[in-house]
Amino acid sequence: MENDIILSVKNLSVGFLSHGKKMNVIRDISLDIHRGETLAIVGESGSGKSVFTKTFTGMLESNGFISNGSIMFDGIDLTTLKTTKQWHGIRGKRIATIFQDPMTSLNPLLSIGYQIEEVLMLHHNLSRKEARKEAINLLRKVRIPEPEKRMKDYPFQYSGGMRQRVVIAIALACRPEILICDEPTTALDVTVQAQILELIRELQSEYHWTTIFITHDLGVVANVADRIAVMYGGQIVEYGTAEDIFYTPAHPYTWALLSSLPQLGEKDEPLVYIKGNPPSFSSEIIGDSFAIRNEYAMKIDYVAEPPMFKISDTHFAKTWLLDPRAPKVEKPKIIQNLKERMNKAAVELQREVGDDDGK
């Protein structure tokens, strides 16, 4: 439903100037994001995930620019906002971001409590006393023990997982409508990773924001995402519900991402990996950007870019394999019984987390 769409991207293209040469990094993306959902954007490093979502908060690097398209949010085309002043009512306040390394968001010279209080005073016009009370409440929400005492601590006194909780608390202080989580668990061990994911999910249920989750690991979002968009070469090559992507994937790149999940490997099976490297944006990409790494590639993949084919009302993929004239191919064996492998991996992870909690 159209009134359920909180952010609508149409034909977005983003370029960068490097040594006087233009590189097209985001290439004609269209995507609707629905209110209250968790959308995962998945792909290897260099696929354009972070650049794409930086356009939602006006945080492109100084040599980056939007060359085409629109980003509609509450009647505002975000591509028309140019100055910090114009972004003031959007960035942080209505669309907030949690980054991979929390130390990029935290000032090492200021106490944790002071940094949360400043956000509350800026966005909600609270007094210092009111802001302090609310900051303690937010630290309690993100499960920081003894929040009254920990308010005085500095970022270096917190572990990586605890610092990420503080960044989540700062995002909560803004009361955003959209929360962008840019690889928020990559640097954390598997147990802490699971805790942070569960915390984000619980807080989303309470505060009703929309989550955009950026990751290179499909396994991370298996139990979190409502919908998944798979990115490669600056484009969305497949998107659908989590069940569509995990159990009926259609693009060879999605097959490769799923096949290379380490938690799906069996004891006597070799680890699967994607051979080759993502395409360089320094030269024009012709045809299907995944063709040179795709064992299922046909001649047409090297000369013509495939359209986005509709598989169902919720599922779309950008591959010539979906053309009626294409030969029928079988998915890799490792993902043909994906549901069984995923269930087995989930049980093993739960056992590992349980064992770790019991120590």
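**Close-up views of a predicted model: helices and sheets**

The model is a predicted one, in which local features need pLDDT of at least 70 and side-chain atom pairs count only at pLDDT 80 or more, while totals for chains, interfaces and linings use all residues. Residues are numbered from 1 along each chain as its sequence is written, and side-chain values use heavy atoms, with hydrogens and water left out.

**View 1. The antiparallel sheet that holds β1 and β4.** Strands are DSSP runs of E with at least two residues, helices are runs of H or I with at least four, and both are numbered from the N terminus. Two strands count as paired if DSSP finds at least two bridges between them. The open sheet has 4 strands in the order β2-β1-β4-β5, with antiparallel pairing. Its edges are β2 (21–34) and β5 (76–77); each has a single partner strand, so one side of each is left without a neighbour in the sheet.

**View 2. Helix α3 and its buried residues.** Helix α3 (residues 112–124) contains 13 residues and reaches 18 Å from its first C-alpha to its last, close to the 18 Å expected at 1.5 Å a residue; the expected span is 1.5 Å times one less than the number of residues. Ile112, Gly113, Gln115, Ile116, Glu117, Val119, Leu120 and His123 are buried in α3. Buried denotes under 20% relative accessible area, exposed over 50%, and partly exposed the range in between (1.4 Å probe, protein chains only). The buried residues of α3 pack against α4 (128–141), α5 (147–150) and α6 (160–174). Leu122 also lies in helix α3, and it counts as exposed because its relative accessibility is 51%. Leu122 and Cys174 are 52 residues apart in sequence, with a C-alpha to C-alpha separation of 9.2 Å in space. Just after α3, Asn125 adopts a positive phi of about 55°.

**View 3. The crossing of α3 and α4.** The axes of α3 and α4 come within 8 Å and cross at roughly 115°. Axes are lines fitted to C-alpha atoms, for helices over the stretch in contact, and angles run from 0 to 180 degrees between N-to-C directions. Contact requires heavy atoms within 4.5 Å. Residues of α3, including Ile116, Leu120 and Met121, meet residues of α4, among them Ala131, Ala135 and Leu138. By class, this contact of α3 with α4 has 9 nonpolar, 1 polar and 5 charged residues. Ala, Val, Leu, Ile, Met, Phe, Trp, Tyr, Cys and Pro count as nonpolar, Asp, Glu, Lys and Arg as charged, and the others, Gly among them, as polar.

View 4. Strand β3 (residues 38–42) pairs with strand β9 (residues 227–232) in the parallel sense over 4 bridges; the bridge partner of Leu39 is Arg227 in β9.
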